[in-house]
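I opened this one to look around and jot down what I found. Here are my notes, in the order I took them.

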Protein chains: 2
Amino acid sequence: LLNLEFSFTLDPKQIQNRKSTLWRYREAIPIIDDANIVSLDEGHTPLLALRFHEHLVHIKQDYLFPTNSFKDRGATVLISKAKELGITSVVEDSSGNAGSAIATYAALAGIGCRIFVPENTSAEKTVLIQSAGARLEKIPGTREDTAAAALRAAQSTYYASHTWNPYFFHGTKTFAYEIAEQMGWQSPDVLILPAGNGTLVIGSYIGFSEMVRLGIIERIPKIIVIQTEAVAPLYRTFHDGSSEIDPVISQPTIAEGIAIAQPVRGKEILRIVRQTEGTVLTVSEDEIRQALTSMSNLGFMIEPTSAAAIAGIELYTASSDRQEKIVSLFTGHGLKTTILHRL
Amino acid sequence: LLNLEFSFTLDPKQIQNRKSTLWRYREAIPIIDDANIVSLDEGHTPLLALRFHEHLVHIKQDYLFPTNSFKDRGATVLISKAKELGITSVVEDSSGNAGSAIATYAALAGIGCRIFVPENTSAEKTVLIQSAGARLEKIPGTREDTAAAALRAAQSTYYASHTWNPYFFHGTKTFAYEIAEQMGWQSPDVLILPAGNGTLVIGSYIGFSEMVRLGIIERIPKIIVIQTEAVAPLYRTFHDGSSEIDPVISQPTIAEGIAIAQPVRGKEILRIVRQTEGTVLTVSEDEIRQALTSMSNLGFMIEPTSAAAIAGIELYTASSDRQEKIVSLFTGHGLKTTILHRL
């Protein structure tokens, strides 16, 4: 597992008249030459206030991306880097949001793309991947077998992975920059984030850490991680206090975006949670469904994975009487998962 | 058919530091009290340049709305007005983008909503409408029977219509304001717009006319209307030179968003096309499918109706050697029509 280290300066005053995309934090994004940027002018999503148990929680509308999820943040930067490196073909393993995002930006860049998915993945899930012209590699067996097949392919092809490739996180971190700017260059007190592979947790931490280092903000928010009870290795390990991620057996869940039994960067995620004095909470399938319905009733059609975070907000705010600035997000649009909605 | 007349002033300099949503043109939007605004911070979508036959065409990314289509422009303003009027229940007839948008903003406002659709409408089309909790009224017979049923219901309930209700157009017109601002407060030379009921044509015309009147821009762009050969009443009437809309028999088309045999505001649309020295073009089903594929290959998953406009751009730019600033749009996301994509 590799992380990036590089230094840069960033002056909020110089940013304010730039286009409202995530590339307005240009100095923070490790692409050398502007000519390599592969962008759809994505990002800088709205930050809307919703009420939960007398708390106002600000929700980033990260379903408003070209492929309808926050994963475009990582994809635009990772694929720009691939272009900068002269890469002509990439592989990735994800049948969901990350696969759709990588396939789309690869298409935009004219870079070949193969997406590895478990053999039993439904055609509905991969419609964006196929629309973008990526090749689907269907792998028999478990999700872990698919990951292993992608890793083997990655020995000879660039691995555009949302978990392994550090450039992905340096796109995802723009989530933190946008929140800080939208709050008047301040940190929230609490971030409530759904986590499976934890790309949002790690990306947010990188972004807020950089802004503290640059003297733009004062502190990193407390990070509260939400998992589904059905697949909760981070929850179990965090509360056990163990240093290695406890293996778990996955139970069925509608929050498939966070149904990760063995998160590759699990230790890194838990180190971040501990360092920011956050915690890991779990929500039940019933609570996720209720959150999905309550958001639908307000007019927000979100994916079930996103509803897990909303259920987490319900849980956290119900038992808190602190006056805190809380931020969370809608991770993806519900149109991606209409089959689940119809169940 | 009613239109609105009201006067206001708008100073581009005062706008530039406002939030990047369509409500930044606040003075132009006929809502009296800010407290009545029902908004998801929508709009101010990116304007991306794509190449067609040696012409750079700027495409507004209007699939990046909460309900994944430009119809949210009209819905946020119309439902805000309904709230301002103290309306508690609305009706609308549209199984597509307009129905999804009205249902969503009504839910957000806590306003009851019934959406009239033809009995044979597939469940896939209405998933956003149902997710938002609107009641579906399934009407036997043709699309015209559904419209007639909605009109009857509208005798006792507020008609949140994207064709009849003038407030809808005063939301859609923000499309014009955004284009002008994104081009440095200048008009494009040509707008290429798909049209069935023509809400974009009328909305754009209102917006550009207002800006000319305010002295912000110099002229209204030439408006080129694109219809599918399968349902082309505007095309036929325009080239006949007749003053009444010629009735047509609809043929099957994948561009269902513009499959309108008798556009309610047809005469108004043609008056605009003639006044701006534009024209009406048609594209074939094959050309629409090709445009859908060429956009997919670039990473843009758009709805087939939107591909009709792209096919229109292909047609227009292939035969033009003028140096013109051309603007068009992606009307809606392809995830709304995945069944058509799979065919």
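Predicted model: local features only at pLDDT ≥ 70, side-chain atom pairs only at ≥ 80, totals over all residues.

**Second largest pocket.** I sorted the lining of the second largest pocket by residue type and got six nonpolar, 16 polar and 11 charged residues. The pocket has a volume of about 1100 Å³. I counted 33 residues in its lining, and A:K19, A:S20, A:H44, B:S20 and B:H44 are the ones that lie nearest the centre. Then I checked which elements give two or more residues to this lining, and found α7 (174-182) of chain A together with α7 (174-182) of chain B.

**A:Y205.** Next I went to helix α8 of chain A, residues 199-213, where A:Y205 sits. Is A:Y205 buried or exposed? Its relative accessibility is 17%, and the cut-off for buried is under 20%, so A:Y205 counts as buried. What does it touch, leaving aside neighbours within four places in sequence? I listed A:I220, A:I223, A:I272, A:Q275 and A:T276. With A:Q275 there is also a polar contact, side chain to side chain, at 2.7 Å. I also noted A:A176, which is 29 residues away along the chain, with 7.8 Å between its C-alpha atom and that of A:Y205.

**Helix α10 of chain B.** I looked up the buried residues of this helix, residues 266-275, and wrote down B:G266, B:E268, B:I269, B:L270, B:I272 and B:V273. What do they pack against? The answer was α8 (199-213), β8, α9 (233-240) and β9 (279-283) of chain B. A reminder to myself: an α-helix has 3.6 residues a turn, so residues three or four places apart point the same way. After α10(B) comes B:E277, with a positive phi near 60 degrees.

**Positive phi elsewhere.** Most residues other than glycine have a negative phi, and that made me look for more exceptions. A:D41 is not a glycine, yet its phi is positive at about 55 degrees. I placed A:D41 in the loop between α1 (12-15) and β1 (47-52) of chain A. B:E54 is not a glycine either, and its phi is positive at about 70 degrees. It is found in the loop between β1 (47-52) and β2 (55-60) of chain B. Which of the two is buried, and which exposed? A:D41, at 13% relative accessibility, is buried, whereas B:E54, with a relative accessible area of 67%, is exposed.

**Cysteines.** Last, I checked for disulfides, and the count over all chains came to zero. I did look at A:C113, which is buried with a relative accessible area of 10%. B:C113 counts as buried too, at 10% relative accessibility.

Definitions and conventions:
Residues numbered from 1 in each chain as written. Chains lettered and ligands numbered in written order. Heavy atoms only, no water. Helix = DSSP H or I, 4+ residues; strand = E, 2+ residues; numbered from the N terminus. Buried < 20%, exposed > 50% of the residue type's maximum accessible area, 1.4 Å probe, protein only. Contact = heavy atoms within 4.5 Å. Polar contact = N/O pair within 3.5 Å; in protein donor to acceptor, adjacent residues only side chain to side chain. Disulfide = S-S within 2.5 Å. 1 Å grid on protein atoms, 1.4 Å probe; cavity = no way out; pocket = protein on both sides within 12 Å on 5 of 7 lines; lining within 4 Å. Points joined across faces, edges and corners; volume = space filled by probe spheres on them. Nonpolar A, V, L, I, M, F, W, Y, C, P; charged D, E, K, R; others polar.
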